[in-house]
Amino acid sequence: SANNKNDHGNFRECFILDSDAHSPTQLEMFTFLGGMIGYALRACSPFPINLAPTFWKQIIGENLELEDINSFDSYSYQVLRDLKNHA
């Protein structure tokens, strides 16, 4: 995550999925990850992968808000918040 790269903010250990991934290999990797998560849920066995809270929020169908950016990219959140407050 950006917080890990910048050594700033929370959830530094989390992974962020690339929404711009469109190649056949990348889509196959997404399918594999989905299969692994599905298997872990069905088998009731833990799957040790740290995905950002925004990933799980989208999985359960909740809308993302500006504050959600803070969980994985604090600097971008601060810039967007300042733009919103001073625009």
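A pocket here is an open set of points on a 1 Å grid over the protein atoms alone, with protein on both sides within 12 Å along at least five of seven lines, and its lining residues have an atom within 4 Å of a point. Its volume is the space filled by probe spheres set on the points, which are joined across faces, edges and corners.

Before you start clicking: this is a predicted model, in which local features need pLDDT of at least 70 and side-chain atom pairs count only at pLDDT 80 or more, while totals for chains, interfaces and linings use all residues. Numbering runs from 1 along each chain as its sequence is written, and side-chain values use heavy atoms, with hydrogens and water left out.

**Stop one: the largest pocket**

Select I16, L17, T54, Q58 and F72, the closest to the centre of the largest pocket among its 18 lining residues. The space here comes to about 340 Å³. Now colour α3 (53-59) and α4 (66-69), which each supply at least two lining residues; helices are DSSP runs of H or I, at least four residues, numbered from the N terminus. The largest share, three residues, is from α3.

**Stop two: the second largest pocket**

Next, select L17, D18, A21, Q26, M29, F30, F32 and L33, which line the second largest pocket. Its volume is about 160 Å³. Colour by type and you will find six nonpolar residues, one polar and one charged (Ala, Val, Leu, Ile, Met, Phe, Trp, Tyr, Cys and Pro count as nonpolar, Asp, Glu, Lys and Arg as charged, and the others, Gly among them, as polar).

**Stop three: along α2**

Show residues 24-43, helix α2, whose end C-alpha atoms are 28 Å apart, in agreement with the 28 Å that 20 residues should span at 1.5 Å a residue (the expected span is 1.5 Å times one less than the number of residues). Pick out L33, I37 and A40, which are buried, meaning under 20% relative accessible area with a 1.4 Å probe and protein chains only, whereas exposed means over 50%. Look down the axis: the buried residues of α2 fall within an arc of 60 degrees, so they line one face of the helix; the arc is that of the directions from the helix axis to the C-beta atoms. They pack against α3, where contact means heavy atoms within 4.5 Å. Turn to the face away from the buried side for the exposed P24, E28, T31, F32, Y39 and R42. Just after α2, stop at C44, with a positive phi of about 55 degrees.

**Last stop: K57**

Finally, select K57 in α3. K57 is buried, at 17% relative accessible area. Leaving aside residues up to four places away in sequence, K57 touches E62, N63, L64 and D68.

Note on methods. 1 Å grid on protein atoms, 1.4 Å probe; cavity = no way out; pocket = protein on both sides within 12 Å on 5 of 7 lines; lining within 4 Å.
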